[in-house]
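I set out to look up a few points in this model and note each as I went. The entries follow in the order I made them.

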Amino acid sequence: MESTYDRVVLGADVNGLTTACMLAKKGHKVLLLEERNHPGGIAMGPDGTENGLLLHSSLLRNEIITTLDLTNFGLQMETEGPLWTYLDENGDHFNFRSDWSDEAQLSKLSEHDLMAYREYRRFTGKLKPFLFKIFSEVPPDLLKPKSGEVWSLLKKLLSLKGLGKKDLNEFIKVAPMSMKDFLDERFDSDALKSVLAMQGMRTSFSAPWSGYAVLNLLIWEAVRGKSIVGGSRFLVKALEQAAKQYGVKLAYGSQVSKIITQKGAVTGVSILDHPPVKTQTVFSTLGPKQTFFRLIEPSVVPAKLEYDVQNYRSTGHTAVLRINLKHLPKGLQKESVQNRTFLASGTLMDIEKSFDPVKYGEFSNRPVIEFSFQSKVSGQSDITSTVMNATIHYIPFALKHGWSSKKKKELFQNVLERINSHFGDFSGLIVDQRLMLPHEIETEYGVERGHLYGGDHAIDQLFSRPFPSCARYQTPISGLWLCGDSTFPGGGLSCAPGFLCAKAFLSR
Amino acid sequence: MRTKYDAIIVGGGHNGLVCAAYLAQAGKKVLVLEKRYVLGGAAVSEEVFPGFTFSVASYVVSLFRPHIIRELQLPKHGYDVIPMDCSFLPLPNGDSLARWGDMHRSRREISRFSKKDAEVYPEFSKVMTHMGKLAKEVIDHPAPDIHSMKPTDLSGMLRLGKAFKQLGPDLLHLNVKLITMSALDFLDQWFESDILKAPMSVSGIIGTYLGIRSPGTAYVLLHHYMGQLDGAFRSWGFSKGGTGGISLACARSAMSFGAEIRTESPVQSVIIKGGEAKGVVLQNGDEFYAKTVVSNLDPNRTYLKLVGEEALPEDVVKEVKRYKLRGSSGKVNLALDRAPEFSCRPGIGDHLRGDIAIAPNTEYLEKAFDQAKYGEFSTRPYINAVIPTLTDPSLAPPGKHILSCFVQYAPYHIKEGPEHWPQLREAFGDTVVDTMAEYIPGLKDMILHRQVLTPWDLEQSMGLTEGNIFQGELTLEQLLFQRPIAGYAKYKTPIQRLYMCGSGVHPGGGIMGASGELCAKSMLHSKAV
């Protein structure tokens, strides 16, 4: 590590890596500091060899793959979108391909649902170009709009008119709706309803009865793509290779203790057990609370900014479970679990009932579970082991009377019971397991309040993300930029926040 | 019998009467047909028990537009609204919180629970009142149609754009929060005390099938800051003679301009010929003809009952059926032997002359909603109670009082099916009385009579489909140019010469009179009548 860099990026998650690559590619001298001993953030498992906490990696934009030439660095994309398997309460299951390419899989649907579903596909397909464009560009400056931006915003709005009166009306009507109202209007199939509902609810504190979730579903439909072969860890590997190639200085195991400022402008960063590094520009992948309350001198943070940071809603309600298994549960083969996610949720009403307790700081005895399997080849031997990754909703960050090992055990039993009801032999397959509660995710992965998407994707935190004064990545503190999941367009391993931040910086 | 009118108004609710008054004032020949023996719709006063006059359904007023009062000369016709000065919150632990019209007094009370909240409280009121003025801009004009390139719509949008721009960036963001956040999340950003947040958050859920944690409820908080009495913002009031007094004033005003009003004249259907409304048929077979027909009924009744599916385009029928009504509240009116006293703040003081909220904490309120989600009435409900007789003793015999309780949640769609509400009616009434009795010792012995209205009863007696007190949910997808359905939001319908003037059209909800006024004005403006 040298003593001076043009730009310092804090956090080597997929966004930090993307920002660093983009800047280095343009000839900037970039230092990327990462607290853990390996890159990836939540996209990489605990020891740097497994997939991370999120089960999906299908939001990566083609534009980023080509700009950073990631295919050359080993990134491979699946030819199809992820497969969803809804586990029915009566032991049956239901498969959907998330790009819904394969209509044969929909044959279990009733004639009515199939028609409604085709109409849904047509409608979301019509919205896709418009929403995709919005979520692929640096958001306009709503505080001080420049004429060019106003024009481009107007153009976007006019392009909405191209939807035609009927679809535009429908879009405006359904966007603020709750999943329940929206899906009940269309479909009868519980499987279809639950799988779709989860896509719009995962990123916020919402359940089927909560309003505005439909907008998130429509956005997801517009930006989702193919999955990464092997999962999120291969995205991290490709980005790491790219960063090395473009000349980014990668410093793992470096704990940043302060962002140094003088007269309200960034001048460097302090690193634990290391001399400070001078720089004029710092890019933080950390959340606003960590960036502004932990790394910045309090006197430098203006009162309004402090208020906004305080009120940014980023409390996670998802626990993560990782189980090493002897082998896959009966009926599943190695090939059949690739690029596939299972959902044990029950109907929309069941999901809502799983959600109710979290509002009071409690958890349900029937949590909603999404899970997938991955095979892991350990270093020396050629023995393949099987790992199950699961995300469990809705788990309070702060339990009413505090978390204890007893309570944690109880939660694990609840989860196990539900999985057992679908795979009878499951308990017997467990070699070891680790359940991580939201506050443990925060400690271990440095993710603010354990929120896996960098803060709720609620409307007021989506387009002006995290809040208006930082909505275009630049913060009120001169030389400090945000480039993590807490910036537009939000979390989900799309790399888009890092990419757009670098773009905004380079075109400033 | 064959007199031809310029306009027939179906339904004598307060909006229908306001509409009639404006049309009559413009010299039109108007006939109002009301199903019941009494006028007012949900804004009605009835002597339900000898000597006791209840504001049966709607019980307080705040949003009635001041210019309507002026233009229709309502005070001359008996309009008299007495401001309510207090919002009282009794607590189960014997404590209580009263918020007063006098800000200093409120702050003193709040500071007992949180010094910080007491400091923030005036600032919050200021900001909300400011935002309320913007909302006023919205409710005082027809909602512009976003598809239209007509000058009126464009200028309407421009006017709104300007009003929003004047807010400045910070308030604009706050506005986005207000429209999309939940009432509780929004209040969490301002206050720390649950005891303050609980009674404040309920203004976000009144009349909705949503909870204080449901996104979209923060917006309804504004309604509390939009109220205008005598031009003063954010005050609520009691109508002299009950809320029916307002309807009667509107009716007298309409009659003074020459309108004809007939009660006990239920309309069966609208006569339609060649896609045009020609008049109406009563249930007894009588026919009345007019150049225009205006329906004060909710969109569901207007389209599906008065007009009928067969006369409507298929996509309109589909949209009308999507329109959500889902009533969520009931009403329990009690005739009392004496004035009720609260154990937490004894005496019959000024704190009882406003509204009284049973909303002890936010968890209580959200749990009340949880039950409703699954089709049960809340066994621990949110109650907003008033004792109108302390302000207007003429409503009850000397020394006697009325305790009128608005109760949420009582979902129309209970899991047994709405037609089973009559069997649950008394249990529902008992729940409310039991809850109130926790705060009012000896309440049960004071009760002389009780009237329990479930959403089913509101539908049966007042014609409010699914018992929805606002003629349709006030959620974003059913507001502005989408109320009740996109394309027919500006008081028109697909049937030529058939108009709508109830709460089911913009701006909808509450005793505002705005829907009736805007309907009449837009009819006159377009020379439809």
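**Entry 1: contact between the chains**

I began with the contact, to which chain B gives 23 residues and chain A gives 24 residues. The model is predicted. I then asked which elements of chain B give two or more residues to the side that touches chain A. They are α5 (151–180) and α13 (362–373) of chain B. Of the elements on that side, α5(B) gives the most, with five residues. I sorted the residues of this side of chain B by type and got nine charged, eight polar and six nonpolar.

**Entry 2: chain B as a whole**

I noted 17 helices and 20 strands in chain B. Its C-alpha trace spans about 65 × 55 × 45 Å along the principal axes. I checked the radius of gyration against the rule for a compact globule: 529 residues would give a value near 24 Å, and the 22 Å of chain B agrees. Of the 529 residues in chain B, 57% are buried. I also looked at contacts in chain B between residues at least 6 apart in sequence, and 72% of them join residues at least 24 apart.

**Entry 3: nonpolar cores**

I looked up the largest nonpolar core, which has 169 residues. The residues with the most contacts inside this core are I8(B), A20(B) and C519(B). Helix α1 (residues 14–25) of chain B gives the most to this core, with eight residues. What does I8(B) touch, not counting residues up to four places away in sequence? I listed L31(B), L33(B), G279(B), V280(B), F288(B), A290(B) and V293(B). Apart from this core I found another, of 140 residues, with I219(A), F355(A), A390(A) and I395(A) among them.

I went to α16 (residues 455–462) of chain B and found P455(B), W456(B), D457(B), L458(B) and M462(B) buried. The cover over the buried residues of α16(B) includes β15 (329–336), α14 (421–437) and β19 (447–453) of chain B. Just after α16(B), I noted that G463(B) has a positive phi of about 75 degrees.

In chain A I took helix α6 (residues 179–186), where M179(A), K180(A), D181(A), F182(A) and L183(A) are buried. The buried residues of α6(A) pack against α5 (165–174), α7 (190–201), α8 (213–223) and α12 (348–355) of chain A.

**Entry 4: Q283(B)**

I located Q283(B) in the loop between β13 (276–282) and β14 (287–295) of chain B. Is Q283(B) buried or exposed? I put Q283(B) down as exposed, because it has 11 C-beta neighbours inside 10 Å and the cut-off for exposed is 12 or fewer. Leaving aside neighbours within four places in sequence, Q283(B) is in contact with P266(B) and Q268(B). I also took the C-alpha separation of Q283(B) and S269(B), which is 8.2 Å for residues 14 apart along the chain.

**Entry 5: a sheet in chain A**

I traced an open sheet of five strands in chain A, with parallel pairing and the order β5-β2-β1-β9-β15. At its edges stand β5 (249–252) and β15 (480–482) of chain A; each has a single partner strand, so one side of each is without a neighbour in the sheet. From one strand to the next, the twist averages 20 degrees. I looked at one pair in detail: β1 (residues 7–10) and β2 (residues 30–34) of chain A run parallel and are joined by four bridges. Opposite V9(A), I found L32(A) in β2(A).

Technical notes. Residues are numbered from 1 along each chain as its sequence is written. Chains are lettered from A and ligands numbered from 1 in the order in which they are written. This is a predicted model: local features need pLDDT of at least 70, side-chain atom pairs count only at pLDDT 80 or more; totals for chains, interfaces and linings use all residues. Two residues are in contact if their C-beta atoms, placed from the backbone, lie within 7 Å. Ala, Val, Leu, Ile, Met, Phe, Trp, Tyr, Cys and Pro count as nonpolar, Asp, Glu, Lys and Arg as charged, and the others, Gly among them, as polar. A residue is buried if 20 or more other C-beta atoms lie within 10 Å of its own, exposed if 12 or fewer, and partly exposed in between; C-beta atoms are placed from the backbone. A nonpolar core is a set of buried Ala, Val, Leu, Ile, Met, Phe, Trp, Tyr and Cys residues joined through C-beta atoms within 7 Å. The radius of gyration is taken over C-alpha atoms; the globule rule is 2.2 Å times the number of residues to the power 0.38. Two strands pair if DSSP finds at least two bridges between them. Axes are lines fitted to C-alpha atoms, for helices over the stretch in contact, and angles run from 0 to 180 degrees between N-to-C directions.
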